[in-house]
Amino acid sequence: DGHTELDELRVSGVSTFQDNVHITGEVSFGSTITLGDNDRLRLGDDNDLQIFHNGSGSLVQHLGTGNLFITNSSDDQDIVITTDDGSGGTTTYIRADGSTGEAALYHYGSEKLATKSNGIDVTGHTETDTLRVSGVSTFSAALDVNAAVNISGDLTIADKIVHDGDT
């Protein structure tokens, strides 16, 4: 019927298989598996997860239902996403820290935003279209406002307000 069943198959050297090879049980490789451009490693009963290189980019595709999880189960270890640093090397862009619980975003390797147990820590300039703050806000340096300020509720001023504009 065109099928061959083997209890054990040992292959050494370069081997090429045409069409489909169906294997049940455990498979061990002692060396490299080479797949050409657009050849895919397909996982799942319905080929739900595919890993491949299309000639210009490398892809991990989740085609099924449910979520795609990236998990590091090693105690106190991280998940790190790195890419080009703009000068031929690589640097960190995203880190999920398994020992501190922090998640951090980087710009060319410089941490810009990190989650902390009590909120977030932002390094550098923050630009928002709309900012709504609830609770107590503390400013440790000058507060520059380039538009009208509307304050509702109680206002406590510990030092002074200086106005140096025309109106």
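**Salt bridges**

I looked up the salt bridges (a side-chain nitrogen of Lys or Arg within 4 Å of a carboxyl oxygen of Asp or Glu) and found 2 in the structure. This is a predicted model, where local features need pLDDT of at least 70 and side-chain atom pairs count only at pLDDT 80 or more, while totals for chains, interfaces and linings use all residues. Residues are numbered from 1 along each chain as its sequence is written, and side-chain values use heavy atoms, with hydrogens and water left out.

I took strands (E, at least two residues) as DSSP runs, numbered from the N terminus.

Lys-116 and Glu-102 form a salt bridge too, at 3.0 Å from N to O. Here strand β7 holds Lys-116 and the loop between β5 and β6 holds Glu-102, so parts 14 residues apart in sequence are tied together.

Next I checked exposure (buried is under 20% relative accessible area, exposed over 50%, partly exposed in between; 1.4 Å probe, protein chains only). Arg-95 is partly exposed at 25%, and Asp-78 is partly exposed at 24%. Lys-116, at 31%, is partly exposed, and so is Glu-102 at 23%.

**Asp-97**

Asp-97 sits in the loop between β5 (90–96) and β6 (103–107). Setting aside neighbours within four places in sequence, I found Asp-97 in contact (heavy atoms within 4.5 Å) with Gln-77, Asp-78 and Glu-102.

**Hairpin and a charge over a ring**

Strands β1 (residues 40–43) and β2 (residues 49–53) run antiparallel and are joined by 4 bridges; pairing requires that DSSP finds at least two bridges. They make a hairpin with 5 residues between them, and Gly-44 in the turn has a positive phi of about 100°. Leu-43 is opposite Leu-49 in β2.

I also noted that the charged end of Arg-40 sits over the ring of Phe-52, 3.6 Å from its centre. The cut-offs are NZ of Lys or CZ of Arg within 6 Å of the ring centre and within 35 degrees of the ring normal.
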